[in-house]
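Here are some notes for a colleague who is meeting this structure for the first time. Please keep the sequence and the model in view while reading the points below.

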Amino acid sequence: MSSVPHPSDGAARGDRSGKPVGRFRRMLDRLSSSQEELHSAELQQDAEAAGCTKIGDCGDRQIVKVTGTLRTVTLRPRAGVPALEAELFDGTAALDVVWLGRRSIIGIEPGRKLIASGRISMSHGRRVLFNPKYELRPLGQE
């Protein structure tokens, strides 16, 4: 008896899970993914294309270059000194970016993409980058 794959078998479709593969599968995955998942995947691709370290891979005291989108920007004094604090997200994890002695910086606003570099430190279990060198991404590339 010969064993011919039946169209309902996973082998006929290209994988053992029985799911279609190729362009159609990618389209189905995109349609079934949440908007947040798609945005995270796009941010991770941007980080890779810019040659930056993923925030999720950053360790304490490591010198890094990261990129992402600012989710929040707040003025939060630290030890009586003004401090502009922003949360940078790259699709893998969040990082607090803090500029000590600053009340505001032109261009630092929620939704803006930027590249930041400096030494990561850990504060209350969160990654923090104090007074980083930074580069705002052009608005046309967002």
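1. Helices (H or I, at least four residues) and strands (E, at least two) are taken here as DSSP runs, and they are numbered from the N terminus. On that basis the chain has 3 helices and 6 strands, and their order along the sequence follows the pattern α-α-α-β-β-β-β-β-β.

2. A word on the basis of these notes: the model is predicted, so local features need pLDDT of at least 70 and side-chain atom pairs count only at pLDDT 80 or more, while totals for chains, interfaces and linings use all residues. Residues are numbered from 1 along each chain as its sequence is written, and side-chain values use heavy atoms, with hydrogens and water left out.

3. As to burial, 31% of the 142 residues of the chain count as buried, where buried means under 20% relative accessible area, exposed means over 50%, and partly exposed lies in between (1.4 Å probe, protein chains only). The chain exposes about 9200 Å², and carbon and sulfur atoms supply 50% of that area; accessible areas come from the Shrake-Rupley method with a 1.4 Å probe, and for residues only the protein chains shown count as cover.

4. Among the contacts in the chain with a separation of 6 or more, 50% are between residues 24 or more positions apart, a contact being a case of heavy atoms within 4.5 Å.

5. How many disulfides does the structure hold? It holds 0, a disulfide being a pair of cysteine sulfur atoms within 2.5 Å. For C52 the closest cysteine sulfur is that of C58, and because the two sulfurs are 9.7 Å apart, they are too far for a bond. C58, likewise, is in no disulfide, with the sulfur of C52 as its nearest cysteine sulfur.

6. Two backbone angles deserve a look, because most residues other than glycine have a negative phi. R61, in the loop between helix 3 (35-49) and strand 1 (63-75), has a positive phi near 70 degrees although it is not a glycine. The residue R61 is exposed, with a relative accessible area of 51%.

7. Where is H124 found? H124 lies in the loop between strand 4 (113-123) and strand 5 (126-130), and its phi is positive, at about 55 degrees, in a residue that is not a glycine. At 83% relative accessibility, H124 counts as exposed.
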